[in-house]
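Here are my notes on the model, point by point. Please read them with the structure open.

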Amino acid sequence: MKSLYVRIVFTFVMVAMISLILGLLFTGLYYQNNQQSSNEQKMIAIAQNISTQYEQNPQMDLDSYLTHIAALGFQIYLVRDHLQGQAYGSPFKHGKLSEQQMQSVLDGAIYRGLEEQKGRLELFSYFKNSVLNTAGMRVQTQDGYAALFIRPDLQQQIGEIRIIAAILIGATFVISLLLIVFLSRLIVKPVNELTRATKKIVAGDFEAGLQLSRKDEIGELARNFSVMSVAIKQLDQMRQEFVANVSHEFQTPLTSMQGLARAVLDKETTPEQTDSYMAIIEKESKRLSRMSKQLLTLAALDKDNKPLHKTSFRLDEQLRQLLITLEWQWSEKNLHLELELPDTTIHADQELLYEVWLNLIANSIKFSDAGKPISIKIVESDVITVVIEDWGTGISEDDLPFIFDRFYKADKARNDAASGSGLGLSIVQKLVALHQGSIDIQSKRAVGTTVTVTLPRA
């Protein structure tokens with residue numbers, strides 16, 4: 001498999017080659033459409049002037065005259081009436097005129113060599129040192145008519161320019177190749193660094209950020225990669241904390257249950273103790289069952305594929321039914337309920353919203369002091385807002401930013417009076433977000449807590 005560096009170099013070289021070929025083709029088309037006819041007319045005019053000059057001075061020696069003309073930068077080929085030719089100036093290296101072409105000029109026709117030699121690349125034909133690329137016309141001599149064929153001696157006229165142009169084009173091409181090789185390394189270098197950083201992350205090193213100050217797309221990619229590595233590090237830390245928390249939450253009751261069960265099996269307890277131990281085991285097993293259910297719920301919500309079965313129902317009735325279900329909890333603590341529940345119809349998943357209110361109201365009851373009130377009210381506008389307020393132990397400012405984190409408990413002692421898995425508010429937040437709603441919690445330690453849930457009507 002070719003590396004990116006080789007691919008880039010190969011691509012740039014192919015671009016340079018194709019550009020060169022297309023440039024030659026376009027230049028050839030320009031020459032053919034705009035310069036070829038003009039050049040040929042110029043050569044015919046020059047041949048006409050040479051012929052006229054000689055015919056006006058027939059006493060001049062033709063060979064000497066044509067030799068001097070050739071010295072001015074022309075190649076000349078003279079054909080006399082017996083079809084024998086003689087060259088003046090630099091010799092023609094290619095081509096040979098046919099007898100028909102020579103006789104046609106002797107008969108008075110004008111020979112247009114560039115026109116007759118048309119090919120695919122007329123531009124290269126123009127530079128070809130061939131007698132066929134000449135302009136020819138008849139000239140009157142002392143011995144009769146002769147055919148004069150003439151073309152510019154490009155080697156003499158622009159020979160140095162051709163060499164300079166060739167060196168310029170060649171040097172430009174070579175330098176371009178060298179720059180392509182060098183600059184391609186600069187392009188590929190950050191990609192290689194990104195690859196190395198990716199391998200480090202795969203190996204567990206999440207400090208593999210890229211320090212690139214570039215402002216282009218690669219720089220943006222590097223910055224996004226750095227952000228991603230930080231996010232992955234945080235996710236890995238959360239994963240480790242999650243595993244540790246799950247292990248702790250399960251191991252603690254399991255250890256307790258195993259100890260109690262062993263004590264019962266070893267006949268080391270009185271009947272009263274046995275009943276007490278079995279009650280504790282039942283309680284802890286139920287707590288583990290609830291926690292397992294909550295973990296499964298979170299797993300389903302994390303996949304974002306939890307289906308919503310929306311129906312229209314009375315939200316106020318749902319809250320009243322829930323309070324009846326929890327009556328033994330709030331009546332046991334002698335809590336006073338302050339309800340403002342106007343008739344309110346909402347279109348949502350009734351079962352999932354029940355879980356939301358169950359978690360929030362159960363928390364309010366759990367953390368309320370005995371004899372205190374709990375306020376639950378519905379406020380209707382373009383959205384539906386449910387406010388649950390208690391005057392209980394509250395949450396400290398240090399704990400508030402983390403209350404939606406999984407397994408986070410504001411009660412660090414994890415005492416039985418306020419036992420819980422620390423998953424409830426995480427589930428609530430997910431369920432509210434699933435309904436395109438929002439949840440806000442305001443609280444002060446030893447003052448109380450206000451939970452505001454905002455939901456769309458449909």
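1. The model is a predicted one. Searching the whole structure for aromatic pairs turns up three. Such a pair is described by the distance of the centres and the angle of the planes.

2. One of the pairs is Y77 with F92, in an edge-to-face arrangement, with 6.3 Å from centre to centre and 85° between the planes. Y77 belongs to strand β1 (residues 74–79) and F92 to the loop between β2 (85–88) and α3 (99–106), so this contact ties together parts 15 residues apart in sequence. F92 is buried, its relative accessible area being 17%, and the cut-off for buried is under 20%.

3. Another pair is formed by Y111 and F149: the ring centres are 5.6 Å apart and the planes stand at 75°, so the pair counts as edge-to-face. Y111 lies in strand β3 (residues 111–112) and F149 in strand β5 (residues 144–152), which makes this a link between distant parts of the chain, 38 residues apart. Both Y111 and F149 are buried.

4. A ring is also involved in a contact with a charge. The charged end of R138 sits over the ring of Y145, at 3.9 Å from the ring centre.

5. Which residues of helix α2 are buried? In α2 (residues 62–71) they are L62, Y65, L66, I69 and A70. These residues lie on the same side of α2 because they cover an arc of only 135° around the axis. In an α-helix there are 3.6 residues a turn, so residues three or four places apart point the same way.

6. H68 and A71 are exposed, on the face of α2 turned away from its buried side. Just after α2, G73 has a positive phi of about 115°.

Conventions. Residues numbered from 1 in each chain as written. Predicted model: local features only at pLDDT ≥ 70, side-chain atom pairs only at ≥ 80, totals over all residues. Heavy atoms only, no water. Buried < 20%, exposed > 50% of the residue type's maximum accessible area, 1.4 Å probe, protein only. Helix = DSSP H or I, 4+ residues; strand = E, 2+ residues; numbered from the N terminus. Arc of directions from axis to C-beta. Phe/Tyr/Trp six-rings, centres within 6.5 Å; stacked < 30°, edge-to-face > 60°. Lys NZ or Arg CZ within 6 Å of the ring centre and 35° of its normal.
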